[in-house]
Amino acid sequence: MKTGWVGHPGYAPPMQTLTDPRRQSLRRMQWFAIALLLASLGGLLLGHAMGGQGGWGWLRAFCEASAVGALADWFAVVALFRHPLGIPLPHTAIIPQSKERIADSLADFVRDHFLDPATLLAKLAVLDPAQRLGEWLRDPARMALWAQQAQGVALGLLNVFDDARMQRATLELVVAQARRWDAAATAGEVLGLLTQDGRHNELLDAGLVKLGEYLAQDEVKAAVSELLHKHVRKEWPKVVGLVDAVASTSKMADSMAEKLSASALDELREVLAQPAHPARLRYQAWLADYITRLRDDPALRQACDGLKERALTDPAVRQFVASLWTDIKQLLQADLADPQSAIARNLQAALGAVGERLASDTHLREAINEHVMAAAGQLALGLRTGVTTHISQTIKGWDDRQLVQELELSVGRDLQFVRISGTLVGGLAGVALHALVLWLA
């Protein structure tokens, strides 16, 4: 006999005790039905003993038919759960004998009526998930509760990392993952993505524009002039003295800085204006070659791995990361522990803003509903097979005795009413037949 239990194969709960109110109620109804059967048999014997004439004939007819009805319904009820009197008659013990068929039928019923994608999507479309989400998010009381709960969860998670064991385990996990990470290949993929469709040229143009704006600033020109003047005085002090007797070297440095700035700006304008400028082509060739080397050059990949390993093992880097994490964690803990947490307020405000946007933006709601419907359809298709198989296998794994006992405790009391009704209806049918016989005679 299998030892599984409803919904949890492999686990057998203890037998129901006599203190179970369902069992007590079932027992009362069974004894009542038995008492009616015994009363019918007693009345039948009494009517037969009294000759069955007159009123005794009516009593015998009633009790005879009610006894037959009681016995027939007793047999029908018992046959659902077990063999009557232990005799393995055909088509008895229907539930345990048909358990596998019942399991498959129930699983198919759930699959076809509860997990049918068309049915689920139709109900989901009526629900309008995006609109309901917007209504929920616009409720200040609900958002305050959600933010408070999220605040407590986040604070609890941060407190977990105060444990030295958790910190050590987390560090070991991060280091192990970082060592398995192919940094060079990732960098190559990222750069390859950034250079698709000429994006790197846009980046270059933006950089050149910013550089031109920087070089055109008077402060930058003055700084360049100062550097030139300082360098000339350091390298050729005597020449500077002779030149100063004729002209100001400071003004000459200013003029040189102005010309350098103008020359650099002219060069930048040419690069920006010419898609095929040599500097731009050299930049493109260098970038393409570097991406290829990141993907294929063993030496460059090894150098990247070496740099990564040095960063992971350097005590100074680890100390910096640890101190940075400690400062951030303490800041977050202090805020989350505050009833007036700024993080919680911002979260609540952000959720409310999303709700307002959903309420006012029809296109956004339509887009969210489309994605939800698509995801629900895929989920329903995946669940159909898994849930159907789970239901079928779970029911098949139930213990026969426990299954019968649980079902009998759940519906057995109502089935005893069937026995009682059969006894009374049978008796009334017997009286009607006896009256018919007398009338015909």
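Start at helix α6: its buried residues pack against α5 (117-127), α7 (140-160), α17 and α18. Keep in mind that this is a predicted model.

**Stop 1: inside α6.** Select residues 129-137 to show helix α6. Then highlight P129, A130, G134 and L137, the buried residues of this helix. They cover an arc of only 135° around the axis, so they sit on the same side of α6.

**Stop 2: α17 and α18.** Two of the partners of α6 come next. Select residues 342-360 for helix α17 and residues 362-396 for helix α18. How do their axes cross? The angle is roughly 100°, and the axes come within 5 Å. That makes α17 roughly perpendicular to α18.

Now show the side chains where they meet. On the α17 side, pick R357, L358, A359 and S360. On the α18 side, pick T362, L364, R365 and I368. The residues of this contact divide into four nonpolar, two polar and two charged.

**Stop 3: T313.** Move to helix α15, residues 298-313, and select T313. Is T313 buried, partly exposed or exposed? Its relative accessibility is 39%, so T313 counts as partly exposed. Where does its side chain reach? Look for the backbone oxygen of E309, at 2.8 Å.

V175 and T313 are 138 residues apart along the chain. Their C-alpha atoms are separated by 9.1 Å.

Conventions
Residues are numbered from 1 along each chain as its sequence is written. This is a predicted model: local features need pLDDT of at least 70, side-chain atom pairs count only at pLDDT 80 or more; totals for chains, interfaces and linings use all residues. Side-chain values use heavy atoms; hydrogens and water are left out. Helices (H or I, at least four residues) and strands (E, at least two) are DSSP runs, numbered from the N terminus. Buried means under 20% relative accessible area, exposed over 50%, partly exposed in between (1.4 Å probe, protein chains only). A polar contact is a pair of N or O atoms within 3.5 Å; within protein, one must be able to donate a hydrogen and the other to accept it, and residues adjacent in sequence count only if both atoms are side-chain atoms. Axes are lines fitted to C-alpha atoms, for helices over the stretch in contact, and angles run from 0 to 180 degrees between N-to-C directions. Angles under 35 degrees count as roughly parallel, over 145 as roughly antiparallel, 65 to 115 as roughly perpendicular and the rest as oblique. Contact means heavy atoms within 4.5 Å. Ala, Val, Leu, Ile, Met, Phe, Trp, Tyr, Cys and Pro count as nonpolar, Asp, Glu, Lys and Arg as charged, and the others, Gly among them, as polar. The arc is that of the directions from the helix axis to the C-beta atoms.
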